[in-house]
Amino acid sequence: MVTVSAAKRRNPPFGGSLAYLLLNLPLGIFAFTLITVLFSAGLGTAVVWLGLPLLGLLVLLARGGGRMERARVFALLDTYIDNPYLPLPPSGQRARWLTRVKDGATWRDLAYFTLLFPVALVEFVLVVTFWAVSLALVALPIYYRFLPEGAWFFPGYDVRWFTVDTTVAALPWAALGVLFAALSVALTRGLAAMHSGFAVAMLRPTVSQRRRMERSWQEIDGMSAVTG
């Protein structure tokens, strides 16, 4: 049967959004490296049949990674994505492998993980930059006295437009840091919501896939009724 997608939450939770965005970069690097190595080695040795197991492994990993990513989106961003895969035939390895290869969901999973690295890189840079600036400004009244010369200079030690060498002088900057923190929260949630939409678009079943899934289940039910 084909399940119906649950309603998508407009604002993902902040904690889950931050964890999701920070995890995207290492996951994207790992996925991109694995895809590049397996695809290059598999395609390069496919002529002598040695590459077919590597390409088969890539297909299995893409589908397994897709299932993991749907679970991760649901757990951290509170967004449910339907399983898009065509049902596998009950018997026959050849038929089962042909179903996996012909299934459009397999290649969309592969495309998602290929694009995850550049998307995650932009997200990571934005999130880390905004939060680093926010926390640095908020904590300035505490740590400025431990800096060289016992003061903090903006924009730097070579060009000193503003000098912070007392707690009172640091308080306006800390207030600015609170504002940046609020912006960082909004940015984190906004990026997570955008990535959630990207994941839904790439990893959910399309209309044509739903129809194919329904036809496949009907065929399997018919075969089961005949053999039963």
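Tyr80 is partly exposed, with 32% relative accessible area. This is a predicted model. Phe74 is also partly exposed, at 45% relative accessibility. The ring centres of Phe74 and Tyr80 lie 6.0 Å apart, and their planes meet at 85 degrees. Planes over 60 degrees apart count as edge-to-face, so this pair is edge-to-face.

The whole structure holds seven aromatic pairs. Ring pairs also join Tyr112, Phe113 and Phe198 into a cluster.

Now turn to the helices. Two packed helices are described by the angle between their axes and the distance between the axes. Helix H1 covers residues 14-44, and helix H2 covers residues 51-77. Their axes are 10 Å apart, at an angle of about 170 degrees. Angles over 145 degrees count as roughly antiparallel, so H1 and H2 are roughly antiparallel to each other. What kinds of residues form the contact of H1 with H2? The contact divides into 19 nonpolar residues, five polar and two charged.

Finally, look at one residue of H1. Ser17 lies in this helix. Is Ser17 buried or exposed? Its relative accessible area is 0%, so Ser17 is buried. Which residues does Ser17 touch, leaving aside those up to four places away in sequence? Ser17 touches Pro12, Leu76, Leu77, Thr188, Arg189 and Ala192. Of these, Leu76 and Leu77 fall within the residue range of H2, 51-77.

Notes. Residues are numbered from 1 along each chain as its sequence is written. This is a predicted model: local features need pLDDT of at least 70, side-chain atom pairs count only at pLDDT 80 or more; totals for chains, interfaces and linings use all residues. Side-chain values use heavy atoms; hydrogens and water are left out. Axes are lines fitted to C-alpha atoms, for helices over the stretch in contact, and angles run from 0 to 180 degrees between N-to-C directions. Helices (H or I, at least four residues) and strands (E, at least two) are DSSP runs, numbered from the N terminus. Angles under 35 degrees count as roughly parallel, over 145 as roughly antiparallel, 65 to 115 as roughly perpendicular and the rest as oblique. Ala, Val, Leu, Ile, Met, Phe, Trp, Tyr, Cys and Pro count as nonpolar, Asp, Glu, Lys and Arg as charged, and the others, Gly among them, as polar. Buried means under 20% relative accessible area, exposed over 50%, partly exposed in between (1.4 Å probe, protein chains only). Contact means heavy atoms within 4.5 Å. Rings of Phe, Tyr and Trp (its six-membered ring) pair if their centres lie within 6.5 Å; planes under 30 degrees apart count as stacked, over 60 as edge-to-face and the rest as tilted.
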